[in-house]
Amino acid sequence: MPKKKTGARKKAENRKEREKQVRANRDHVEVAKHPCNVNMDCDKCQRKQKNRAFCYFCNAVQKLPICANCGKTKCMKSSDCVIKHPGIHSTGMAMVGAVCDFCEAWVCHSRKCLSTHACVCPLTDADCIECDRSVWDHGGRIFRCSFCQNFLCEDDQFEHQASCQILQAETFKCVSCNRLGQHSCLRCKACFCDEHAKSKVYKQEKGKAPPCPKCGHETQETKDLSMSSKLHTWSRAFVFQLKVCLVEIEGGSDYFAKYFLHQNGIVNRPFYIKSSLPPSVLKR
């Protein structure tokens with residue numbers, strides 16, 4: 001029989017497991033907490049925005065730039081610096097080494113930050129899933145949807161997450177068969193049964209839910225979600241497109257407008273649409 005573990009042995013193993021988990025999570029920082037995505041108040045116009053090299057509204061340079069990789073505002077050491085400054089604490093533009101093309105923020109003159117940030121920048125493909133705007137097209141911060149893990153801008157963050165748990169189907173049945181879908185992919189908006197959730201392309205990790213056979217995103221159990229099969233698409237981009245359709249229908253060129261309304265399950269009659277929309281939506 002194997003020897004029984006002592007209390008000290010169990011504590012040591014638990015400590016090693018915690019340290020291993022901390023080291024594993026060190027490289028996986030949430031987008032909202034990353035230094036390149038923190039809040040910044042402009043020194044000139046006092047408007048709050050994402051951490052940037054230049055103000056989005058007035059193009060002013062900040063007095064204390066924040067490094068997009070390590071988050072520091074003052075360089076205390078000169079061991080890893082490209083520009084040596086022994087005995088001097090560099091701040092401001094003396095600490096700056098480059099500007100990131102993806103997150104539009106300063107990177108300090110540390111050799112590690114300059115050589116690694118462009119490869120691991122979390123905002124490389126940070127286009128909003130709702131309005132398709134990139135970091136350079138708006139002044140707000142970037143977030144991830146807690147359900148589908150897609151990028152969201154600060155304007156569409158709450159509207160998208162309120163309507164994200166919606167299936168693109170009329171029932172909760174599996175897309176490949178007629179059985180009840182027990183696993184839901186919030187990125188594809190589809191349900192899968194136990195048999196069709198197993199994918200030959202994407203491998204399932206031990207202790208985790210099976211990945212989506214279509215996109216590889218981690219699925220969740222349908223019973224743990226507030227899934228709905230009804231469509232509520234009153235986002236800013238949808239309302240703008242709806243107003244364009246109303247103008248086209250009233251003007252006579254209504255082919256693409258009718259197609260858009262048919263795809264979203266709306267009757268293509270202008271008086272019906274205007275009467276069904278709430279007043280708060282029409283004022284946007």
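Visitor: Is C153 buried or exposed?
Guide: This is a predicted model, so take every value as computed from it. C153 sits in strand 8, which covers residues 151-153. Buried means under 20% relative accessible area. C153 has a relative accessible area of 0%, so the word for C153 is buried.

Visitor: How many Å separate the C-alpha atoms of C153 and F143?
Guide: C153 belongs to strand 8. Along the chain, C153 and F143 are 10 residues apart. Their C-alpha atoms are separated by 6.2 Å.

Visitor: Which residues in the largest nonpolar core touch the most other members?
Guide: That core has 19 residues. The ones touching the most other members are A68, C103, V107, L123, A126 and I142.

Visitor: And how many residues are in the second, separate core?
Guide: Among its members are C153, C164, L225 and M227.

Visitor: Which residue is the bridge partner of V99 in strand 6?
Guide: Strand 5 (residues 96-99) and strand 6 (residues 106-108) run antiparallel and are joined by 3 bridges. They form a hairpin with 6 residues between them, and E104 in the turn has a positive phi of about 60 degrees. On the strand 6 side, the partner of V99 is W106.

Visitor: How many residues apart in sequence are the parts that R52 and E104 tie together?
Guide: The side chains of R52 and E104 meet in a salt bridge, 2.3 Å from N to O. R52 lies in the loop between strand 2 and strand 3, while E104 lies in the loop between strand 5 and strand 6. Both R52 and E104 are buried. The pair therefore ties together parts whose separation in sequence is 52 residues.

Visitor: What about D155 and R133: how far apart are their closest N and O atoms?
Guide: These two form a salt bridge. D155 is in the loop between strand 8 and helix 3, and R133 is in the loop between helix 2 and strand 7, so parts 22 residues apart in sequence get tied together. D155 is partly exposed at 47% relative accessible area, and R133 also counts as partly exposed, at 21%. The closest N and O atoms are 2.8 Å apart.

Visitor: Which strands stand at the edges of the open sheet of 3 strands?
Guide: The order is 10-9-11, with antiparallel pairing. Each edge strand has a single partner strand, so one side of each is left without a neighbour in the sheet. The edge strands are strand 10 and strand 11.

Visitor: Which residue in strand 10 stands opposite H183?
Guide: Strand 9 (residues 183-185) is joined to strand 10 by 3 bridges, and the two run antiparallel. Opposite H183 stands F192.

Visitor: About how much accessible area does the nonpolar surface patch have?
Guide: Its members are F54, V61, M93 and V99. F54 is found in the loop between strand 2 and strand 3, and with a relative accessible area of 35% F54 is partly exposed. Together the four members have about 320 Å².

Methods
Residues are numbered from 1 along each chain as its sequence is written. This is a predicted model: local features need pLDDT of at least 70, side-chain atom pairs count only at pLDDT 80 or more; totals for chains, interfaces and linings use all residues. Side-chain values use heavy atoms; hydrogens and water are left out. Patches are made of residues with over 30% relative accessible area and no salt bridge: like charges are joined within 9 Å, nonpolar side chains (Val, Leu, Ile, Met, Phe, Trp, Tyr) within 5 Å. Accessible areas come from the Shrake-Rupley method with a 1.4 Å probe; for residues, only the protein chains shown count as cover. Helices (H or I, at least four residues) and strands (E, at least two) are DSSP runs, numbered from the N terminus. Buried means under 20% relative accessible area, exposed over 50%, partly exposed in between (1.4 Å probe, protein chains only). Two strands pair if DSSP finds at least two bridges between them. A nonpolar core is a set of buried Ala, Val, Leu, Ile, Met, Phe, Trp, Tyr and Cys residues joined through side-chain atoms within 4.5 Å.
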